[in-house]
Amino acid sequence: MGRPRQKRTTMLDPRQVADNFDEVRAALTRRSPSWAKELEPVADLVRRRREVLGESEKKAAERNQASAEMAKADKKSPEFQKRRDELKLLSEAVKALEKSVAEIEAELEQRLLLIPNMPDPSIPDGTSEEQNQVVRVWGEKPTFAFPPKPHWEVGEGLGILDFERAAKLSGPRFTVLVGAAARLERALINFMLDLHTGEHGYTELLPPFLVKDTALLGTGQLPKFADDLFKTHKADAERGYDLFLIPTAEVPVTNYHAGEILDAADLTRSYCAYTPCFRAEAGSHGRDVRGLIRQHQFQKVELVKFTKPEDSDAELERLTSHAEAVLVRLGLHYRTTVLCAGDLGSNAKKTYDVEVWLPGQDTYREISSCSNFGDFQARRAQIRYRVEPKGKTRLVHTLNGSGLAVGRTLVAILEQYQQADGSVIVPEALRKYVGADKVEKR
């Protein structure tokens, strides 16, 4: 495995945009017609880069020829002076053209950083979540002989969710898990990790919870989603960079192989990681203000895969089934939808949302998004593989999904397993981790 110097590039391939402009524009228009307009300057920049680069190469060849002829001339001859003056002008021209190429490339990269991935042809058209398509449903909605409560009422009634003291400590969108809730959260983390490592073949990582901006660039959170990130201040001038709290384990785990060339024989590589996650939730004011659904700090077990392009579609199906397996083992009713082009996340080319049923809120809620990014992230993070020892390198495909969002799994348990007396049954798969089969009022 090699570790070449990492070179930052854009997420869409500029050559693909230039050579297949109509195809790329049509694909991005499936997301939104506005992307066609955003793409126009990119195509112009790519054309300008080719023109200026061609002129630069032409002038460089002329410079080299002049240098060779000057070397043959008598230093005291008029011919030598003529070639020296010519060489000086050509060198200045080459420098100016190289500067123009660098400026065009910088502008091209900045524009491409903000343009999303192209949707996979297999996903449905649509402009919003209403056009997402349900692909499968597992289990039945639980029935109750009483009006089911939302999880915040269940948790407060049991004395295991403390929103008021959390607000005193940290402000809104934080929660203190007390007693059985804390134990259930810890049990869920261990259960998920044991399932994914023991049965699904993932290698567990425990990555840093703080990352450089380069890692966030690698997976696409920067620059587009900067407002959703928590940025720390520099500890000292010598370090020279800022650190960010991770919004998801996807960031450190995907960048684990940034700048590397992997061996094709080692693919597919599958990792799982538990981490806390931190999100500013910019633009979500007034949404999900109650309960555990939209918090600034929450916990997840993440699944990440690095695979060969020809295997990535099958690996997405496999990864999604692994996320669903958690809900099946816990006996939680859910459905899985494939997202339409207009509801697709910026970096993904295809996504399945696994949505768990919350009877206390009479709705399904996303508990895992399982996505295939193609080579979109790998191009930025420069993650490649080589089939032959001296063969040409290729970009891997990256995939990830929650396996699962731990807090939302706790929410689903509190709502689907609630009882008339206010207690909550512990799913059988968790009982050996929790040491109890029921949660009752403290």
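1. Helix pair. Helix 3 (residues 34-72) packs against helix 4 (residues 78-113) with an angle of about 160° and the axes 8 Å apart. For bookkeeping, helices are DSSP runs of H or I with at least four residues, strands are runs of E with at least two, and both are numbered from the N terminus. The axes are lines fitted to C-alpha atoms, for helices over the stretch in contact, and the angles run from 0 to 180 degrees between N-to-C directions. Sorted by class, the contact of helix 3 with helix 4 holds 18 nonpolar, four polar and 14 charged residues. Here Ala, Val, Leu, Ile, Met, Phe, Trp, Tyr, Cys and Pro count as nonpolar, Asp, Glu, Lys and Arg as charged, and the others, Gly among them, as polar.

2. What you're looking at. This is a predicted model, where local features need pLDDT of at least 70, side-chain atom pairs count only at pLDDT 80 or more, and totals for chains, interfaces and linings use all residues. Residues are numbered from 1 along each chain as its sequence is written, and side-chain values use heavy atoms, with hydrogens and water left out.

3. Cis peptide bonds. Have a look at Leu 222 to Pro 223, where the peptide bond is cis with omega near 0°. Pro 223 is in the loop between helix 8 (213-219) and strand 6 (230-231). Leu 267 to Thr 268 is also a cis peptide bond, with omega near 10°.

4. Positive phi. Arg 173 is not a glycine, yet its phi is positive at about 65°. You'll find Arg 173 in the loop between helix 6 (163-170) and strand 3 (176-177). Arg 173 counts as buried, at 16% relative accessibility; the cut-offs are under 20% relative accessible area for buried, over 50% for exposed and in between for partly exposed (1.4 Å probe, protein chains only). Asp 362 also has a positive phi, near 55°, and sits in the loop between strand 12 (350-358) and strand 13 (363-372). Asp 362 is exposed, with a relative accessible area of 59%.

5. Cysteines. With a disulfide taken as a pair of cysteine sulfur atoms within 2.5 Å, the count comes to zero. For Cys 340, the closest cysteine sulfur belongs to Cys 370 and is 17 Å away, too far for a bond. Cys 370 is in no disulfide either, and its nearest cysteine sulfur, in Cys 272, is 14 Å off. Cys 340 counts as buried at 0% relative accessibility, and Cys 370 is buried with a relative accessible area of 0%.

6. Salt bridges. Searching the whole structure turns up 18 salt bridges, each a side-chain nitrogen of Lys or Arg within 4 Å of a carboxyl oxygen of Asp or Glu. One of them joins the side chains of Asp 22 and Arg 25 at 3.0 Å, N to O. Asp 22 and Arg 25 are three residues apart in helix 2 (residues 21-31), so about one helical turn separates them. Asp 22 counts as exposed at 53% relative accessibility, whereas Arg 25 is partly exposed at 28%. Asp 22 and Arg 25 also belong to a salt-bridge network with Glu 40.

7. Two further pairs. The side chains of Lys 300 and Glu 302 form a salt bridge at 2.9 Å, N to O, and both residues are buried. Asp 375 and Arg 379 pair through their side chains at 3.3 Å, N to O. Asp 375 counts as partly exposed at 27% relative accessibility, while Arg 379 counts as buried at 11%.

8. Arg 30 is in helix 2 and is partly exposed, with a relative accessible area of 22%. Arg 30 and Gly 126 are 96 residues apart in sequence, but their C-alpha atoms are 7.6 Å apart in space.
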